[in-house]
Protein chains: 2
Amino acid sequence: MAHDDRRLRVLRAIVEDYVSTNDPVGSKALAARHDLGVSPATIRNDMAALEEEGYITQPHTSAGRVPTDKGYRLFVDRLSSVKPLSGAERRAIEKFLDGAVDLHDVLGRTVRLLAQLTRQVAVVQYPTLSRSAVRHLELVPLSTTRLLMVLITDTGRVEQRVVESPGEVDAEQVAELRTLLNAAFTGAKLVEASGTVPGLVENAPPHLRALVSAVSATLLETLVEPTEDRLVIGGTANLARGSALDFPGTVRPLLEALEEQVVVLRLMAEVGPSTVLVSIGEENAHEALTGASFVSVGYGAGDQALGGLGVVGPTRMDYAGNMAAVRAVARYVGHLLAES
Amino acid sequence: MAHDDRRLRVLRAIVEDYVSTNDPVGSKALAARHDLGVSPATIRNDMAALEEEGYITQPHTSAGRVPTDKGYRLFVDRLSSVKPLSGAERRAIEKFLDGAVDLHDVLGRTVRLLAQLTRQVAVVQYPTLSRSAVRHLELVPLSTTRLLMVLITDTGRVEQRVVESPGEVDAEQVAELRTLLNAAFTGAKLVEASGTVPGLVENAPPHLRALVSAVSATLLETLVEPTEDRLVIGGTANLARGSALDFPGTVRPLLEALEEQVVVLRLMAEVGPSTVLVSIGEENAHEALTGASFVSVGYGAGDQALGGLGVVGPTRMDYAGNMAAVRAVARYVGHLLAES
DNA sequence: GCTGGCACTCGGCCGGTCGGAGTGCCAGGA
DNA sequence: TCCTGGCACTCCGACCGGCCGAGTGCCAGC
C-alpha cells in the first residue's frame, strides 16, 4: 500500500543522503531535499517505524538517523536502481586497459582503474589455475638432476616450479619429455589433468616414467591453496580518505586482512560472472571486514568465472555506482582475456 | 674535546628517547634516564647549542626537544652503533624464506618478513631484467601469425610478450627460431643482448630474418621503464599504527606514492649491495616522502645489485635496527637467488 | 665550566555554559 | 484513518576560562 511504499522511499532517501553527506540525516533536512510530499512530522513517524524494524538507527538520542546494515541490504536488494556508467567512464575503461602487454599488466591496470573509478580499495584475483587450460608446458634443464617446469595457461598466467629429477637426465630426454607432456596436457583444463596423469605415466616409455610422474606431481601441486590464487590490491590510499569518519577503530585491521589475501579470496570464491555479489558490514564472516562492505563479481567469458574482482569500502558507499563499475570492468577484462 | 663529545651523547640520547617514547624529551628526563654525569641545567645548555646548530628543535616554546632531519642524519652517520640481530631473528629469516617455490614466492615472503621484522612498510624490487642473464627463451605459437615469447631469467623472473609475426609461420620455423635464439641469448646478460642483435639478424637464414628481428625487438622492449622494474609492497598496515602521531597530515599521499612505485624505484636505483642507503625526511626528493625515511640496500651475489629492498617509515624510526634487518634480509635473499 | 634556583611561558585538561538540531508526543483537521 | 503544526525535551559539540605541569632561559655562586 501507499503507506509502506512511502516508508521505503524514506529509507532510500536516508541512504542516499547519508552516503553523500556522511551526516546523520534528520526529518527536516529530508523533507527539504526530497520531494516526498509530506511534512517532517509524518516523516518522523515513518522513521520511528523504520527504526523499530531495524533499518535505521540513531547514533545517540536527538541526532539524525543512520542506515543499519539491514537498511543497506534492503536498499541494495530493492531500492537502488542500476546506474549506467557515463560515456566518459566507458571510454576510460577501454583506454586504460588497452595496450596492456601481458597478464600482469592487465590486472595491474584493472586494479588501478577500479580504484580510480570507485574511489575505494580494489582487489583483482588472478585467473584461477584450476579453471584455466594449459597452453604450453616448458622444461628447462637447470642441472643434470633438476628441471625448471614452466606452465603457461590460456589466460596468460605463468607458473614455474623446480622439479627434482629421480635420476640424471640429458637434453634428449628433456626434449622427449616435453613433447610427451605437451601432447598430453596442451588444451586440457588443469582441474582435469589429475585424471589423466595415471594413464599418462603408465603409457610413457619406461625410461621416462619416473620423470613424467615427478613433473606431473609438481604440476598438480600448483593447484593447492596458497599458490593457486593470487590477488592484486590497489587504491589503499582511498582508505585514508576520511578514515576516521568511515572506520571507527582504525583502518589497520582492514589493511591487515587485505594483505592476508586469504580472507578476500574466500569471499571471492563464491562469485559467478553474471551477478554482482554484495556483502555488507556484519554479513562478512571475517571480523576485520565487519565495518566494511564488499562488492564483487566474477570475470570470464563463459558461464564459469576465471577469477573475481571487486572493491572494498565503508558500508556507507555508493552501492549502485560501485556495482555498475565493477560489472563493467569485469565484462571488459573478460573480453580482453578471451581474445588474447 | 670532551665538550663536543658530551653534546653528541646528548643528541644520541635525545634521538633514542624520542624514538622510543614519541614524546618531546626534556632535560630532566634525559638526565634521569641516561647516565650523562651532569645536571639537567648543563644539559639544557647543550640542548640550546644543539638547537642553535639545527640538530634539534622545539615543537613549541616550553616543550621538550625533538630531533630534526639533520639531527637524525648525524645520528645515523656517526652515532648509531650497528645492532646485531638476535639469534631468534636470524632463525626467523631462514625459516621464513626457505621453502619458497618460486621467485614470486621468495619476494612475497621477503616483503612480509621485512615488514614484520621492522614493523614498517617494506618494499622489495624484482631483480632488474637488464642485469639478469637469459636462462631460456621459449616461443609458443598462438596462431599462424602470432607468437608468445616467454623469457626466463637466471634469477627466476618470467616475462611474456605477444609477438606479431611479419608473415605466416609453421611449427618447424618456430622450432628453428627457438634453437637459434637460445643459442644466441642463453647465458647472456640482457643488457648486452642489444649489441648482439644486429649480427644475429644478419647471420640468420634469410627466411627467418624478419622473424628474428621481430622477436629480438620485443625482447629488448622488455627493458624499457615501466615493465623493467616491478615492486612488491607489504606491511602498509604498519602505517596505520600511530599514523596521527607519525605523519602529521595523513598517510594518504604516502600510500599514493608507494602505489605509484616509480618514486620508490627511483630511490632504489642508486643502491648497491654493500652499503645501506638511508634517506631522511626532507632529503627525499619526492614531496610525499618528505615526512618519511627510507632505508634500503641492494641484494645480489656479486658486486652489482640485482635489485633493491628496504623499508619506509616515519623519520622517527629505529634506524640501527632497521638497517640491520634490511641488510640481513638482503644478504639472505641474495644467497637464495644465487643458488637456485 | 658546572650547578641549583627562580621566574616565565605555553599547551593540554577540566568543568561549565550555551546554542542548535532533532526527536517524541499530542491535539486538531481533512 | 492519516497527516500536520506546535511544543517541550534531550543531548552533542563548540566555546571559554582557569589551572596545572613540564620545560625553558638566565643568573649568581661554586
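Me: Two residues are in contact if their C-beta atoms, placed from the backbone, lie within 7 Å. Which residues in helix 7 of chain B meet helix 9 of chain B?

Reply: This is a predicted model, in which local features need pLDDT of at least 70, side-chain atom pairs count only at pLDDT 80 or more, and totals for chains, interfaces and linings use all residues. Residues are numbered from 1 along each chain as its sequence is written, while chains are lettered from A and ligands numbered from 1 in the order in which they are written. With that in place, B:Leu177, B:Leu180 and B:Leu181 of helix 7 of chain B meet B:Leu211, B:Val212 and B:Val215 of helix 9 of chain B. Helices (H or I, at least four residues) and strands (E, at least two) are DSSP runs, numbered from the N terminus.

Me: What classes do the residues of this contact of helix 7 of chain B with helix 9 of chain B divide into?

Reply: There are 6 nonpolar, no polar and no charged residues. Ala, Val, Leu, Ile, Met, Phe, Trp, Tyr, Cys and Pro count as nonpolar, Asp, Glu, Lys and Arg as charged, and the others, Gly among them, as polar.

Me: Why are helix 7 of chain B and helix 9 of chain B called oblique to each other?

Reply: Helix 7 (residues 171-185) and helix 9 (residues 209-221) of chain B pack at an angle of about 55°, with their axes 11 Å apart. Axes are lines fitted to C-alpha atoms, for helices over the stretch in contact, and angles run from 0 to 180 degrees between N-to-C directions. Under 35 degrees counts as roughly parallel, over 145 as roughly antiparallel, 65 to 115 as roughly perpendicular and the rest as oblique. The pair is therefore oblique.

Me: What makes helix 5 of chain B roughly antiparallel to helix 6 of chain B?

Reply: Look at the angle: helix 5 (residues 87-97) and helix 6 (residues 103-118) of chain B pack at about 155°, with axes 9 Å apart. That value makes the two helices roughly antiparallel. Among the residues making the contact are B:Ile93 and B:Phe96 of helix 5 of chain B and B:Leu113 and B:Leu117 of helix 6 of chain B. By class, the contact has 6 nonpolar, 1 polar and 2 charged residues.

Me: What tells you that the copies meet through the same surface?

Reply: The copies meet through the same surface because 100% of the interface residues of chain B are also interface residues in chain A. Here 24 residues of chain B are in contact with 24 residues of chain A. The side of chain B that touches chain A has 9 nonpolar, 7 polar and 8 charged residues.

Me: Which residues come nearest to DNA strand D?

Reply: Of the 21 residues around DNA strand D, those are A:Val38, A:Ser39, A:Thr61, A:Ser62 and B:Gly26. A residue is near a molecule or strand if its C-beta atom, placed from the backbone, lies within 6 Å of it. Helix 3 of chain B gives the most to this surface, with 4 residues. For DNA strand C, the largest share, 4 residues, comes from helix 3 of chain A.
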